[in-house]
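Below is a short briefing on selected local features of one protein chain. Please look over the sequence and structure before reading on.

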Amino acid sequence: MIPRYSRPVMTAIWAPENRYRIWFEIEALACEAMAKYDFIPKEAAKTIRENGDKAMAKFGASDVEKIDAIEAKVRHDVIAFLTWLAENIGEDSRFVHLGMTSSDVLDTCLAVQLTQAADILLEDIDKVLAAIKKQAFEHKYTMTIGRSHAIHAEPVTFGLKLAGYYAEFNRNKNRLLQARAEIATCAISGAVGTYAHIDPRIEAYVAEKLGLSAEPVSTQVIPRDRHAAFFATLGVIASSIERLAIEIRHLQRSEVREAEEYFHPDQKGSSAMPHKRNPVLTENLTGLARIVRSHVVPALENVALWHERDISHSSVERMICPDGTITLDFALNRLASVMEKLVVYPDRMQANLESLGGVVHSGEVLLALARAGLSREAAYRIVQRSAMETWTKLGKPEGKSFRENLEKDPEIMGHIDASVLDNAMDGSMHVRNLDYIYQNVFGEVGPKSNP
């Protein structure tokens, strides 16, 4: 991923230095286990660990270049690393990689890297959750209009809107925890996964030391359904980011202007139009979400490898693993920042809520007529008549509010009186169950009354 959309904490996971340190750790742990069970001399394992640790402690760009130069000759990345490692360990290097195959190192390393990445992403989601919760509590009673098909529906509160996003990202956190557990898998089973040349206890030892689980049956590679599930989870998280980003983009439209991204004092919105305040951050998040989701299909296609293994998945993972995690990490942090600084306009929300002359209360008037004895079909027809009269004449001299049109309709007033209309158009009914919802979502009700 390009530096513009990268954070150093995540890119470091995919740097060659980190990868080679993990490779050495896998090899050293395998040697320790082999020494523990008397497959190699204990002194050899000690030498491998000590000399290898010294080499890795000073490992840097020049060492990466040396390994790359070896790989250019041998055309094999793991052999290139083992050749470099042997030069630093000495004679006992003959015990390194004993009975192992390249995938034991590559797949176990990838599991470590993906769990490292998942831990950062989980921290990122916590930031998003905290930012959404803060805004949801602050605006628990901020009335706004709910929209279906982008058309005014019934009143809600802005806090309730955000509660839905909080619940969604909380689900995403649980999904990622499950995906992390599934991907945290070690395989040290040798060629075609039979343990013919290496004892299964070696795998168990390495897995425990690395905080991984042993793959029950590896077929030489860890089955890629695990990786597919991981990237599918990243794709779902990206879609949740986009859903919230699109909500903000719609609310920031000039015709709506209910909320907007924070606009810095020196920020410029347009090179041609000085008045512009564009939702550039959330538009960016929409684009980044597309990138993360684009990795899901290749990850799914990696599942179908030939027989016990092939390497058609390798080139794919060299790109989607760093790019997918780096992009999502950046997007989650950007979203957290957007939500922390989000500018909300309650007055504008109220004005928009009232802009259709009260027709947004039509549902409760319908129910009031049904309670008064009319069939639902008849009540719907009568209420819709007044609603359409209001809607079609909005802003015109002859236009009347929904309440006025209802009161001049004898079919309506013959069944209910003004006090019933008062109750039907009382916005307080839309907040009466907020505590119930907040308790379900946040585990607490937050503010008890509208400040």
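The points below cover a helix pair, a surface patch and some loop residues. The model is predicted.

**Helix packing**
- Helix α2 (residues 16–36) packs against helix α4 (residues 61–74) with an axis separation of 10 Å and an angle of about 70°.
- The two helices, α2 and α4, are therefore roughly perpendicular.
- On the α2 side the contact is made by Pro16, Glu17 and Tyr20, and on the α4 side by Ala61, Val64, Ile67 and Asp68.

**Nonpolar surface patch**
- A nonpolar patch on the surface is formed by Ile151, Met388, Trp391 and Leu394, which together have about 350 Å² of accessible area.
- Ile151 belongs to strand β2 (residues 151–157).
- The relative accessibility of Ile151 is 42%, so Ile151 counts as partly exposed.

**Positive phi values**
- Most residues other than glycine have a negative phi.
- Val192, which is not a glycine, has a positive phi of about 50°.
- Val192 sits in the loop between β3 (185–186) and α8 (200–210), and is partly exposed at 42% relative accessibility.
- Arg257 also has a positive phi, near 50°.
- The loop between α9 (225–252) and β5 holds Arg257, which is partly exposed with a relative accessible area of 43%.

- Asp266 lies in the loop between β5 (259–260) and α10 (280–293).
- With a relative accessible area of 69%, Asp266 is exposed.
- Asp266 and Pro279 are 13 residues apart along the chain, and their C-alpha atoms are separated by 16 Å.

Methods:
Residues are numbered from 1 along each chain as its sequence is written. This is a predicted model: local features need pLDDT of at least 70, side-chain atom pairs count only at pLDDT 80 or more; totals for chains, interfaces and linings use all residues. Side-chain values use heavy atoms; hydrogens and water are left out. Patches are made of residues with over 30% relative accessible area and no salt bridge: like charges are joined within 9 Å, nonpolar side chains (Val, Leu, Ile, Met, Phe, Trp, Tyr) within 5 Å. Accessible areas come from the Shrake-Rupley method with a 1.4 Å probe; for residues, only the protein chains shown count as cover. A salt bridge is a side-chain nitrogen of Lys or Arg within 4 Å of a carboxyl oxygen of Asp or Glu. Helices (H or I, at least four residues) and strands (E, at least two) are DSSP runs, numbered from the N terminus. Buried means under 20% relative accessible area, exposed over 50%, partly exposed in between (1.4 Å probe, protein chains only). Axes are lines fitted to C-alpha atoms, for helices over the stretch in contact, and angles run from 0 to 180 degrees between N-to-C directions. Angles under 35 degrees count as roughly parallel, over 145 as roughly antiparallel, 65 to 115 as roughly perpendicular and the rest as oblique. Contact means heavy atoms within 4.5 Å.
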